Amino acid sequence: MIPDDFTGYFAASATAAGALIGLLFVAASLRPETVLGRGAPPAAQAVAGSAFTALINSFFVSLIALIPNTSLGYTATIMALISLYSTWRLHHELARHEAALLQIVLALLAFLTQLGVGVALAIHPHDASLVYAVAYVLIGSFAVALRRAWSLMQGRHLPADQDNA
């Protein structure tokens, strides 16, 4: 059960995630051939995919939290598992030098924390402190997504000769 005090937070969080997903699509469309095309480097696809995963995670956790009598614990747990799988899938094919270790660690930390808190909340659905924990984990997830989206906008995934193309 979600305390009524969180309705505004989760509504704002879902709205922000939806808007940021749209902006991520705009960012990818600025250099489509270097981000999502068949010839795009795997690092670029991982950056865009990681940002998308974090935003989708935040969006669905927040949106489902607004449904009355819904278990936030199960939602947080399921979305954490999906996000962990997506993060692994995006990064397992990258060469070690292509992987942005800090960004992978931050994403894994956010999603593993969400998984733990989600399981605890599924077991103790009336523990408001765990709802606070989910709320703060979502802020971490937004931070991961924004860091990834910003590096995508800066073109850090591009080789030096394509940076200004």
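What pattern does the protein follow, read along the sequence? The pattern is α-α-α-α-α-α.

## Overall picture

This is a predicted model, in which local features need pLDDT of at least 70, side-chain atom pairs count only at pLDDT 80 or more, and totals for chains, interfaces and linings use all residues. Residues are numbered from 1 along each chain as its sequence is written, and side-chain values use heavy atoms, with hydrogens and water left out.

The protein has six helices and zero strands. Both are DSSP runs, numbered from the N terminus: helices are H or I with at least four residues, strands are E with at least two. Of the 165 residues, 43% count as buried. Buried means under 20% relative accessible area, exposed over 50%, and partly exposed in between, with a 1.4 Å probe and protein chains only.

Now take contacts between residues at least 6 apart in sequence. Of these, 78% join residues at least 24 apart. Contact means heavy atoms within 4.5 Å.

## Helix α1

Helix α1 covers residues 7–30, which is 24 residues. From its first C-alpha to its last it reaches 35 Å, close to the 34 Å expected at 1.5 Å a residue. The expected span is 1.5 Å times one less than the number of residues.

Several residues of α1 are buried, among them Phe10, Ile21 and Leu24. What covers the buried residues of α1? The cover includes α2 (32–35), α3, α4 (72–91) and α6.

## Where α3 meets α6

Two packed helices are described by the angle between their axes and the distance between the axes. The axes of α3 (residues 42–65) and α6 (residues 128–154) come within 8 Å and cross at roughly 150°. Axes are lines fitted to C-alpha atoms, for helices over the stretch in contact, and angles run from 0 to 180 degrees between N-to-C directions. That angle makes α3 roughly antiparallel to α6. The cut-offs are under 35 degrees for roughly parallel, over 145 for roughly antiparallel, 65 to 115 for roughly perpendicular, and oblique for the rest.

The α3 side of the contact includes Ala44, Val47 and Val61, and the α6 side includes Val134, Phe142 and Arg148. By class, this contact has 15 nonpolar, six polar and one charged residues. Ala, Val, Leu, Ile, Met, Phe, Trp, Tyr, Cys and Pro count as nonpolar; Asp, Glu, Lys and Arg count as charged; the others, Gly among them, count as polar.

## Helix α5

Helix α5 (residues 101–123) has 23 residues, which should span 33 Å at 1.5 Å a residue. Its end C-alpha atoms are 33 Å apart, so the two agree. Its buried residues include Gln103, Ala107, Phe111 and Val117. They pack against α3, α4 and α6.

Is Thr87 buried or exposed? Thr87 counts as buried because its relative accessibility is 4%. It lies in helix α4. Leaving aside neighbours within four places in sequence, Thr87 is in contact with Thr53, Ala107, Leu108 and Phe111.

Val134 lies in helix α6. Val134 is buried, with a relative accessible area of 2%. Not counting residues up to four places away in sequence, Val134 touches Val61, Leu72, Ala76, Val117 and Leu121.
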